[in-house]
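Please read them beside the coordinates.

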Amino acid sequence: MPESSKPPLSLSPGQWSFIRWNTIGQLEALEIHHPLFEATLFLQGAHLTRFIPKSDENWLWMSPTARFEPGRAIRGGIPICWPWFGDPARNAPEVRKRIKTQGPHGLGRTAVWKLEDVCESAHEVEISLSLDANQDFDNVWHGHALALLTFNFSVRGCQLALTTTNLGSEPLAFSQALHTYLPTSDIKGTRILGLGFAHYIDTLKNWEYCTQDGPVYFDGETDRIYENGDPLTVVTPATSRKLTAIGSDSTVVWNPGPKKALKLSDFPDTAWQTMLCVETANAASDYRVLNSGQSHTLGVLIGRG
Ligand code: TA6
């Protein structure tokens, strides 16, 4: 194989100590078996579905009926909603004008990302993937942007950093979210601390503005976009997780409740009782605009509370 076409040493599986390729369903995934943690990361969607510190359980919620098929969003883990979040019609006009589909949550969630780099040590594993959103996606989105997503796994927790660079000649307006699904033994005994006085959009009350009063509790369907960039703590009956964001001034909090659960794909009817989403975002008025050549990083560290 000519030198130029050889993959960098870091991408040669033979050089990997803790990582193996695996096929799950119809999708390719990296399985990380490190002495301190395990993780599973799909190339489709750069989708993390498992992060399991040693002697612990999966910090991420996965639907028991999730399907692993080309082009189908995986239910659970951390879907990457990029370069738009949510319903295109609910985005700012300068974001919306680039979107040519009614599908929610962007093209990155189901596109196949490229493995860029792997770095392993006795303490951590770092994996980077990229997605070049160019004219190949012109049927759903108009623009040219590069997404580089770096995962860092360690005993501290699981960190994601999603850097978007505008490769086009015009300013790029986009929205995004790291759509983190978290498990709980009981949604009724779960609360979110750190949003005490934040304003939020309640998408279930015709997108009206409200103000949070104290911890966020769950009593049925909940779907809110908080104006928040501060660290949050998610407390369940058995766990406490701290979510520390960078490059974000909006947090989406979602639980489908019993009625919407019946309409969701790959989602058991009663699963709403054992999951919630706390999504580190640039959503609603927190969308971002990049001039040509500019970059923005959205990140989250999911650690012990
Ligand atoms: O992040 C909250 C949300 O936008 C909800 O409104 C709900 O649609 C959820 O995402 C799941 O969306 P999905 O397309 O993955 O079923």
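1. Strands β2 and β3. This is a predicted model, and the notes begin with strand β2, which covers residues 27-34 and pairs with β3 in the antiparallel sense over six bridges. These two strands form a hairpin with two residues between them, and within the pairing His-33 has Glu-38 of β3 as its bridge partner.

2. Strands β3 and β4. On the other pairing of β3, strand β4 (residues 47-53) runs antiparallel to β3, again with six bridges, and Phe-37 stands opposite Pro-53 in β4. β3 and β4 also form a hairpin, here with four residues between them, and Gly-45 in that turn has a positive phi of about 80°.

3. The nine-stranded sheet. An open sheet with antiparallel pairing contains nine strands in the order β6-β7-β8-β9-β23-β19-β18-β13-β16. Its edge strands are β6 (114-120) and β16 (216-217), each of which pairs on one side only. Within this sheet, strand β7 (residues 124-133) and strand β8 (residues 145-154) pair in the antiparallel sense over 10 bridges, and Ile-127 stands opposite Phe-151 in β8.

4. The largest pocket. How much space lies in the largest pocket? The volume there is about 670 Å³, and the lining consists of 29 residues, with Gly-86, Pro-104, His-105, Asp-223 and Lys-260 lying nearest the centre of the pocket. By class, the lining of the largest pocket divides into 13 nonpolar, seven polar and nine charged residues. Strands β17 (222-226) and β20 (250-255) each supply at least two residues of this lining.

5. The second largest pocket. The second largest pocket has a volume of about 250 Å³, and of the 16 residues that line this pocket, Glu-57, Asn-58, Pro-183, Thr-184 and Thr-239 are the closest to its centre. Its lining divides into eight nonpolar, five polar and three charged residues.

6. The cavity. How many cavities of 30 Å³ or more does the structure hold? There is one cavity that reaches this size, and the volume of the largest cavity is about 70 Å³. Residues that line the largest cavity include Asn-228, Gly-229, Asp-230 and Leu-232, together with Val-278, Glu-279 and Thr-280. The elements giving two or more residues to that lining are β19 (240-246), β20 and β21 (275-282); of these, β21 gives the most, with three residues. By class, the lining of the largest cavity has four nonpolar, six polar and two charged residues.

Terms used:
Residues are numbered from 1 along each chain as its sequence is written. This is a predicted model: local features need pLDDT of at least 70, side-chain atom pairs count only at pLDDT 80 or more; totals for chains, interfaces and linings use all residues. Side-chain values use heavy atoms; hydrogens and water are left out. Two strands pair if DSSP finds at least two bridges between them. On a 1 Å grid over the protein atoms alone, a cavity is a set of points where a 1.4 Å probe fits but cannot get out, and a pocket is an open set with protein on both sides within 12 Å along at least five of seven lines; lining residues have an atom within 4 Å of a point. Grid points are joined across faces, edges and corners, and a volume is the space filled by probe spheres set on the points. Ala, Val, Leu, Ile, Met, Phe, Trp, Tyr, Cys and Pro count as nonpolar, Asp, Glu, Lys and Arg as charged, and the others, Gly among them, as polar.
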